[in-house]
Amino acid sequence: MREEGIQGSFNVTDRIFSPWDRDDAEHRAAIYYRDDIWSYRRLIDEINRVGNGLRQMGVQRESRILLIGYDSPFLVATLFGAMKIGVVPIPVNTNLPPEDYLYYLKDSRAQALVVEPEIWANIAGVVGKESSDLKWVMILPGLNEASVRPQGYPGPIVFYQDWIQTWDRTLQAVQTSRDDMAFWLYSSGSTGRPKGAVHCHKDMLFTNRIYAQNVLRIQEYDRLYSASKLYFAYGMGNGSYFAFANGASVILVPDKVEAAQVLATIDRMRPTLFFGVPTLFNAMLRVQGEYSFATVRNCISAGGRLRSG
């Protein structure tokens, strides 16, 4: 991946993961999630299954799918599985009212919604009545079917854990162009309604080369932990492709960000790179207790100016 070319036709998922799709993939850690470790082999297989499943469900190239998910291997697999077949995933904030999600669905004309069970329980009635482009919903792991099928949504609902087992774990990447849409991220809406910012297949590779490799100097032994979530541009790099493009690993935490919990995660999971924001660093400094940063070689901050005192 160090000498990857940005020119010509390519698929970003294929470019990121194909160097690690090899004999030792089963023994290389990609994701640390709760008490589980996902190897590169398991993650690549899951990505391929997602891509095959989306294709068989009728999601076509350049169609959009909306992702409302906590940081998890399932969200990562859906994100990269979609891009591998030329579908455009849109991860969005998990802490919004139903009306905001309806706006995203309408504005993007998403054909599928991938969503946490408890979030779906709160938005199903609104989505079912007003989102005409939505064809089906996939519920991420969490609750059982009875708990997440409130009245109001007439369309098909599938459950990730059952659905994923159906599909094959081999998949040929669609040969997208460097300037084809890879994913969208919505703006915060500070100057009106949120706007969908289009990111191309080349963009992750540029950011990886210029920043992850040349500034952070990420190596295969690195373990990245980002307090900022995957639905942020900052968090998506830190919590996924900065690591995967360089054979490193990530720590994914689905829980709400709290200073004490972040410190405990660093102490227990032993990252080498930690990514936060100024308000979080300030809060961490005020937590009582002993926590080890022995493995952390760099703390990275964004989203505001760091101040002393």
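The model is predicted. The protein chain contains 10 helices and 13 strands, and buried residues account for 54% of its 309 residues.

**Overall dimensions**

- The radius of gyration of the protein chain is 19 Å, which agrees with the value near 19 Å that a compact globule of 309 residues would have.
- Along the principal axes, the C-alpha atoms of the protein chain fill a box of roughly 50 × 45 × 40 Å.

**Contacts within the chain**

- Of the contacts between residues at least 6 apart in sequence, 71% join residues at least 24 apart.

**Surface and charge**

- The protein chain has an accessible surface of about 14000 Å², and carbon and sulfur atoms contribute 47% of that surface.
- There are 33 positive and 32 negative side chains in the protein chain.
- The centres of these two sets of charged side chains lie 5 Å apart.

- Ser 240 is located in helix H8, which covers residues 233–244.
- Ser 240 counts as buried because its relative accessibility is 0%, and the cut-off for buried is under 20%.
- The side chain of Ser 240 reaches the backbone oxygen of Met 236 at 2.4 Å.
- Apart from neighbours within four places in sequence, the residues in contact with Ser 240 are Phe 80, Leu 230, Gly 235 and Val 250.

Terms used:
Residues numbered from 1 in each chain as written. Predicted model: local features only at pLDDT ≥ 70, side-chain atom pairs only at ≥ 80, totals over all residues. Heavy atoms only, no water. Helix = DSSP H or I, 4+ residues; strand = E, 2+ residues; numbered from the N terminus. Rg over C-alpha atoms; globule rule 2.2 N^0.38 Å. Buried < 20%, exposed > 50% of the residue type's maximum accessible area, 1.4 Å probe, protein only. Contact = heavy atoms within 4.5 Å. Areas by Shrake-Rupley, 256 points an atom, 1.4 Å probe, with all protein chains shown as cover. Lys, Arg positive; Asp, Glu negative; His and termini not counted. Charge placed at Lys NZ, Arg CZ, Asp CG, Glu CD. Polar contact = N/O pair within 3.5 Å; in protein donor to acceptor, adjacent residues only side chain to side chain.
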